[in-house]
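Please look over the model shown below.

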Amino acid sequence: MKFLYRKMVLFLLLAVSILLITSNGWAQSKVVKIGFIGPLTGPNAAQGVGARNAFDLAIREANASGKYPYKVEMVALDDASDPATGVAAALKLVSDPAVVAASGHWNSPVALATIHIFHTYKIPFIVWGAIHPDITGFYKYPGVNRVAPTLIQENGPLCDWVIGELGYKNFSIISDTSSYGEMNLKAFRPMAEGKGAKILSVDSVTVGTTDFRPILTKVKGLNPDAVYFGGVVMKGALIRDQMEKVGLKKLFFAISGIKDDKFLEVAGPSGEGVVTIKPGKPIDKLEGGTKFLKAYEGAGYREPFGAYGPNAYDSAGIILETISKTGPEDKGAMAKYIRGIKYKGLMGETSFDATGQTTNLMVSRFVGQGGKWITWEESDYAKGARKLPQ
Amino acid sequence: MLPRTIGRAVILLAVEAFFFILFAAFMKTYETGKVIAFLLFFIGLGVMFKEWEKARLALTGLFKEMKILAGAGFVAMLLTLPFIFQSSPYLIHICVMAGLFAILALGLNFQLGSTNVVNFATAASYGIGAYASALLAVHFHISFWLGLLVGGSLASLFGLLLGIPCMKTKDYYLSLVTIAFGLIIYILLNNFSWTGGPNGIPNIPPPSLFGHSFKEPLSLFGYQLPFQSNYYYLIFLLVGGSLVVAHRLHHSRVGLTWNAIREDEIAARCHGIDVTWYKILAFCIDAFFGGVAGTVYSHYIGFISPENFAFIVSVVVVTMVILGGMDNVFGVIIGAILLTILPEKFRAFEDFRVLIYGLIVVTMLMFRPQGLFPQKMRIYKKES
Amino acid sequence: MIMARLLETEKLTIHFGGLAAVNEVDFTIDQGETVGLIGPNGSGKTTFFNLLTGIYKPTGGEIRYCGKDLVGLPTFKIAKQGVARTFQNNRLFLNLSVLDNVLIGMHPQQDSNWFDAIFRRSYVEREIEQGVEKGLELLSQFSEGLLTNCYQRAGDLPQADRRKVEICRALASNPKLLLLDEPSAGMSPAETEELMEDIRKVRQKVGEIGIIIIEHDMAVIRKVADRVIVLNYGRKIAEGTFHEISDNELVLEAYLGREEKDAQA
Amino acid sequence: MAEIFQQLINALLLGCTYTLIAIGFNLFFGALNVVHFSHGDVCILGAFMTLILYGLAKLLGLVTFLPGFVFVPLLILTAMILTGLIGTFFERVVIRPFRYAPLLMVLVATVALGMVVRETVRLSFPHGSNPQIFPRILPQTSFQLGGVLIRLDSLIIFGTTIFLISMMFLFIKRTRIGAAIRAVSQDTEAAAMMGINIDRTVAVTFLIGSALGAIAGILIGAYNNIIRFDMGLMGGVKGFSAAVVGGLGNVYGAIIGGLILGFVETFAAAFIPGGTPYTDVFAFLVVIFFLIFKPSGILGEKVYEKV
């Protein structure tokens, strides 16, 4: 009896699965797919998910506008900040004949691993977040463009500001051993020294370190004017906080990697007077910025769009404009169109140089004040009501 | 007699073809629901195979009788895979990755399965092979084929280095050493400037053979196959080679000796076995396999960075060995293939991947420590 | 007939912390001789074996085997020189087959390495073939049952068979000196009887082999041992033939204590 | 000179956390001859438990209702007990089934368990991959002492560690159950024959070890202001390393081992030029050195294999 029962269950199982396998899925209408890759899981998920939402928003708006004779769909894939996973994701995109273009990556190592695939399969690709100079500057692939400025493009204005205008001269550098930190160190050091600054010490900290007191205590002994940090939000906030704790009351500055509300949240009161820059204008000062904010809110995403949301939004916009002009079939024409585009988007006018790098280099200056990032020009510090640490 | 044999051969090939088509169809399935249906179907088949004794005996008898034909048919079908997946380089990529991990898992099996040495430094040897051959290729234009040997040998050398503390340590201590070693290699790769630090090494040239670059699509019998097919056939050969090596080692004095160490180290020593040397040997061979896999990976992707060789890779390979069946060469390969394909099929659940690996290991160890395919006793044929 | 001296210890001592588990023991065994090693529990018999096989390093004294010094040599090298042993609570390779267990015993005489295993297949196959042949022959000497079940998992065997396999495994290396640690433990009288028969068979077959046997069963000792050595608290307290020993007062004293304990249990 | 003192304080505090984790490893090893590779993750779980409890308390208004010196100890104590229970649960479910199995099994199983714990934490917190902000539960004031900056929270951390470790020693030395723990760690079989309930003793050991580990996690959180789901991996490896350096199974050894590791790391970062990225490498090299030349650790006894 038991045996019969088991056999029946088995038979049922087989029958159901055969039925499911052979069933033809859902009816499909003509769709054009645009790929998105980013760190949707893992340590950088906040950046990736925010960017994906913004990307999705652009596509939703395009579908709602009714300008396209087909449905545009986003295929969002995860690279988990891992090159191997990223490569698989990229291959998955190029294997899908409906995917006509893609945008991706926050992590430079992942982008460096995948752009070859998009190049080989001639899928137009726009990098929305990764900032390694080589992605465009070295490979110069005709189909690969980037809407984010490289590190070098960010460090220049920062040096001008902190050394030239604010007059700090003696620096200690702390960077993390991520690709981002490493590249920052390489870009900042010669730039600062070229402007007459002195580098007193350079320390790299491994990813995952949380206790920086030994390094900061050492730095304190060297008595620099300011600490330059090459890295991103969390570690920056921890270092800033622990600077206070070891009594190192000096200026702390970094490029856009730390320009996130989370930084001020973690750093707490020590976030006061931290100086940074960010490409583009602040969102609420942009043309269409308020519209974007409202639309984003209206779309009901759970997560904030983060620092790179506008980049992703504009990448989607560029791709959408391209397929409306060239059609989704001819990839070569698409790539050519993107390279020559003058796109008026959220971040201002974006166009690309011969290597595919954005020429939109406007940066804004920010300072931490009262738990918020305030543009330098509007801050109490510029007005003289508060003083940066000397 | 002859017609009967032909009939049986046809049945055998038909059975193989059925499973092969099933596999190909499974690979081409993307919707999560269908993937699950497929899996249910496979499980159902497995259970049926176990319950329905008559069919099982008939089938196993058939395969035993025509071993060579079965093997040849299997190989021939695998060789046609790139043609079936011609339009989808992604699927071929998955197969290549499955092959790479199969090599890693086969290597680790010498330690984890045969010798009972828990090595959490697979990622280190994988990375050393990858970095060694990549650096040689980028800076000195050493060809991939030489790099394959150098990468493997250098990884082996590091295996030896890792084996030295193992002379003094065992069990927990040894595992601690391997974990520490893996982390050290990761940190060093991340910090040395000549390894490119966290930026890794870009532009690793693809291998070429008789003037045919592996970056170019492969033309076979008038078909244009995506460039991944080059690597598919390469990895097919390498996995085949590794399998032969693993099988031969298992069925030799060396494999038997490793098993003796696994079962009882003291008794092994009392029977004249130089435990330290055999453990180091296992380390070296494992590292060689890892180095070879690393070399292929670096030239295949063209870019490597330390992230590829983090601790989690080691744990994943351990999971493969445990799931497949410790000390069972074929089981280990199946474990590797399963754990490479399934995460790709369930990309929607990517976030849960590591958690699921962990759960697989814990539950397997608790309820089926011998793995999906337990090792069988060695049977020696005796002419009598 | 004068047989050559096989093994000799002089003032062999080991301390665990403050305790001398084996204390200045002088011991000799000649080729072809069977020596019984007896003494109450904890008197250092197994520790003595562990010293001979190099598992423990002695804190003092000497071990000479065929004229060579064994102290400080690693266990596997000692084993390679022809010292084989069995264990008190038998240490078979439980997840391997009976035949594999015996094959591992032949490890010291075989010489194929990893290179041969991969590239010189015919050599390895011949080696295995010879090993299997010899192993089966050994097993058949002990019992037909083991021969037919030679592919059975060793862990599935009953206790008595495990002992036999362990002795087979030890003999597979063609030892010159065989150390048997309580071979009859856990056996019924009938099985013990059978075992003694087996040991005698081994003696007849390989004449010049020396055997040291630890036993609690005096019947076994009386039947197989040419000479008996008694240990108590790590010291040798008596030596002689079984009859000499059984009259020795020190020995009786040592054993009476034990008998009292037995009575309580 | 002041800098060296400042670095000494840094090293001491780092050493404290390692010690607290290492004590767990030693207790478990003593009781079961087992290395609980996921212990580091259990420790960090303690910190996350505090985070959750703090959130709950905030919801209930307890944070403002109770004065800080009552609320914070209460919070930590609850988190300790809960983490201790979780540790005991892990012992019951994952470690006990392998008591008579080969070492390899429990080793791999606990490594995998660590992975499960980490991932569960990551998945159950919003943005779990990112570091979570740990509430500032300790006073943030500081004072100068001869050029050395001393913070009140560091003092509290140091004091708590010393207090807890001495309490644990008292417990093991003076109580009945402590005697049972010592007996079991000496010889499990003999202890069982003397009528000691092995299962219960082991459970208590895991309770104590995990609770102390929770303190380590909380201290890490309070010290750094953040906690991250994967801190347990490194924390566990370092804690185990500290236990090995001090002598596995010897509870006093944990203190020495923890301090050695803390000092090596701090001073490598502070005084070796360009050494900052390599602090972990130095720490591991010390461990490997000990494993090769003194495998039993500083206070461990040489173990004779039972044959």
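How much area is buried between chain D and chain B, and what share of it do carbon and sulfur atoms give?

## Basis

This is a predicted model: local features need pLDDT of at least 70, side-chain atom pairs count only at pLDDT 80 or more, and totals for chains, interfaces and linings use all residues. Residues are numbered from 1 along each chain as its sequence is written, chains are lettered from A in the order in which they are written, and side-chain values use heavy atoms, without hydrogens or water.

## Interface of chains D and B

About 3,800 Å² is buried between chain D and chain B, and carbon and sulfur atoms give 83% of that. Buried area is the accessible area (1.4 Å probe) that two parts lose on being put together, summed over both. D:Leu104, D:Met115 and D:Leu291 supply 15% of the area that chain D buries against chain B, more than any other three residues.

In contact terms (heavy atoms within 4.5 Å), 47 residues of chain D meet 42 residues of chain B.

## Helix 5 of chain B

Helices are DSSP runs (H or I, at least four residues), numbered from the N terminus. Helix 5 of chain B covers residues 89–115. All 27 of its 27 residues are buried, so this helix is largely enclosed by the rest of the structure. Buried means under 20% relative accessible area (1.4 Å probe, protein chains only).

B:Asn116 follows helix 5 of chain B, with a positive phi near 65°.

Conventions: Helices (H or I, at least four residues) and strands (E, at least two) are DSSP runs, numbered from the N terminus. The expected span of a helix is 1.5 Å times one less than its number of residues. Buried means under 20% relative accessible area, exposed over 50%, partly exposed in between (1.4 Å probe, protein chains only).
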